[in-house]
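Have the sequence and the 3D view ready.

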Amino acid sequence: VAQQKIQLGRKIPLLLHFAPVILYVKSNMTTTLEMIDTAVKVGPSLNWNSLISSGIGALIGSALTLVATFVAHCLEQKKHEKSQKKLIFSFLQGIHDEIETLWNNYNENVGSHVEALKEGEAFNNYWTVTQEYFTIYIKNAHLIGQVDDNDLRKQIVSTYAQAKGLIDSYLLNNEFVKKHEE
């Protein structure tokens, strides 16, 4: 028993030494527990309102972002379609001008002479011509398939095929004229 009193006596000074720390921790724990208790009692109504407000705000913000993205996409698509239509229109104007210029050139230089020939009479003139006259058609061939009008698209291809065939005929005629002169 005396030995137990000695051991207890040694513990008491240790407890007294740490007493301020223990009291500080206990008071802080009490304060913390009181704060948690207050938050639990008052907090749920505030937290739910904040949560609902935040959720509604997020939904509205997301919806507005989605609408703005959709509108921007539609505007960009319309801009692209307008640009594409302008490109095809410009291509068709270029084709028109090229065909008109080549046809006028043909009529001024050769066509009138060919029309003046009697049936069965040979055309004994040179016409210096190449396949390179069709610059707009060749450089923009990828746009032909984008012309919406089916008949117009076929007519463009047919016109150029016939014009190339006509040029080939004149090139062959030039060779025959050259051989005939030799």
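A nonpolar core is a set of buried Ala, Val, Leu, Ile, Met, Phe, Trp, Tyr and Cys residues, joined through side-chain atoms within 4.5 Å. Keep in mind that this model is predicted. Its largest nonpolar core has 17 residues. Those with the most contacts inside this core are F91, I95, V110, W127, Y137, Y160 and Y170. Which elements give two or more residues to the core? They are α1 and α3. The largest share, five residues, comes from α1. In soluble globular proteins, nonpolar side chains tend to be buried together.

Pick out V110 from that list. Leaving aside neighbours within four places in sequence, V110 is in contact with F123, W127 and Y170.

Now look at the rings. A pair of aromatic rings is described by the distance of the centres and the angle of the planes. The structure holds seven aromatic pairs. One of them joins Y106 and W127. Here the centres are 5.5 Å apart and the planes stand at 65°, an edge-to-face pair. Y106 lies in helix α1, which covers residues 2-116. W127 sits in the loop between α1 and α2 (135-139). The two are 21 residues apart in sequence, so the pair ties together separate parts of the chain. Are these residues buried or exposed? Both Y106 and W127 are buried.

W127 has another ring partner, Y170. The ring centres of W127 and Y170 are 5.0 Å apart, and their planes meet at 80°. Planes over 60 degrees apart count as edge-to-face, so this pair is edge-to-face. It links distant parts of the chain: W127 is in the loop between α1 and α2, while Y170 is in helix α3, 43 residues away. Y170 is buried, as is W127.

Helix α3 spans residues 150-181, and N174 is in it too. What does the side chain of N174 reach? It reaches the backbone oxygen of W127, at 2.8 Å. N174 also touches N125, Y126, W127 and T128, not counting residues up to four places away in sequence. Why is N174 called buried? Its relative accessible area is 12%, and buried means under 20%.

W127 pairs with Y106 and with Y170, and its backbone oxygen is reached by the side chain of N174.

Key
Residues numbered from 1 in each chain as written. Predicted model: local features only at pLDDT ≥ 70, side-chain atom pairs only at ≥ 80, totals over all residues. Heavy atoms only, no water. Helix = DSSP H or I, 4+ residues; strand = E, 2+ residues; numbered from the N terminus. Buried < 20%, exposed > 50% of the residue type's maximum accessible area, 1.4 Å probe, protein only. Polar contact = N/O pair within 3.5 Å; in protein donor to acceptor, adjacent residues only side chain to side chain. Contact = heavy atoms within 4.5 Å. Phe/Tyr/Trp six-rings, centres within 6.5 Å; stacked < 30°, edge-to-face > 60°.
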